[in-house]
Amino acid sequence: MIILAMIKNKHYMQVIRKYFDDGGPFVVTNYKSEKDYKEFLKDVEIYNDFGFRQKGQQKHKQMLEQKIKENFINYLDNIDKNWKTPAFDYEKIQNNKEYLLKQLTIKVTDLIYGSSKNRTWLYYIDIIRRYVIL
């Protein structure tokens, strides 16, 4: 599974990068419970077992996209006063959270394709737990 995070404002990409540097959706602390985390891991495993364009894959993909977005919201809610990036700190994130969430699109995909003109696409590859920015 590959997660595509697209953000319209390139200045917010460092927030997305920090999220994935901190483990992204694969960290138990960003879930409401350990049960939710285990359920997410199971859903990822099921998705990875789907064949290309197999029946039911699209519905499962949409469910995963929603869970990842919810996980990102929980991540933003759980950051503390020590959290920071070069341009953002706790206060700026809390004040701009709604704007950031409106600008963010999360998609689950099987391929890395296309490119962004202003480096606002981040592809996170779950198998190796690394990302590429295009």
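**Briefing: aromatic pairs and helix packing**

Lys69 lies in helix 3, where helices are DSSP runs of H or I with at least four residues, numbered from the N terminus. This is a predicted model, in which local features need pLDDT of at least 70, side-chain atom pairs count only at pLDDT 80 or more, and totals for chains, interfaces and linings use all residues. Residues are numbered from 1 along each chain as its sequence is written, and side-chain values use heavy atoms, with hydrogens and water left out.

**Lys69**
- Leaving aside neighbours within four places in sequence, Lys69 is in contact (heavy atoms within 4.5 Å) with Leu101, Leu104 and Ile106.
- From Lys69 to Lys84 the separation is 15 residues in sequence and 20 Å in space, C-alpha to C-alpha.

**Helix 2 against helix 3**
- Helix 2 (residues 34-49) packs with helix 3 at an angle of about 145°, and their axes are 10 Å apart; axes are lines fitted to C-alpha atoms over the stretch in contact, and angles run from 0 to 180 degrees between N-to-C directions.
- Glu39, Phe40, Asp43, Val44, Ile46 and Tyr47 of helix 2 meet Gln57, His60, Lys61, Met63, Leu64, Lys67 and Ile68 of helix 3.
- By class, this contact has 7 nonpolar, 2 polar and 4 charged residues; Ala, Val, Leu, Ile, Met, Phe, Trp, Tyr, Cys and Pro count as nonpolar, Asp, Glu, Lys and Arg as charged, and the others, Gly among them, as polar.

**Aromatic pairs**
- The count comes to 12 aromatic pairs, a pair being rings of Phe, Tyr or Trp (its six-membered ring) with centres within 6.5 Å; planes under 30 degrees apart count as stacked, over 60 as edge-to-face and the rest as tilted.
- Tyr31 and Phe40 form a tilted pair, 5.7 Å centre to centre with 35° between the planes.
- Tyr31 and Phe40 are buried, meaning under 20% relative accessible area with a 1.4 Å probe and protein chains only (exposed is over 50%, partly exposed in between).
- Phe72 and Tyr75 form a stacked pair, 6.4 Å centre to centre with 25° between the planes.
- Because Phe72 and Tyr75 are 3 residues apart in helix 3 (residues 57-78), they are separated by about one helical turn; both are buried.
- Ring pairs link Tyr19, Phe20, Phe26, Tyr31, Tyr37, Phe40, Phe72, Tyr75 and Tyr124 into a cluster.

**Charges over rings**
- Arg129 lies over the face of Phe26, 3.9 Å from the ring centre; the rule asks for NZ of Lys or CZ of Arg within 6 Å of the ring centre and within 35 degrees of the ring normal.
- Lys92 lies over the face of Phe88, at 5.9 Å from the ring centre.

Definitions and conventions
Helix = DSSP H or I, 4+ residues; strand = E, 2+ residues; numbered from the N terminus.
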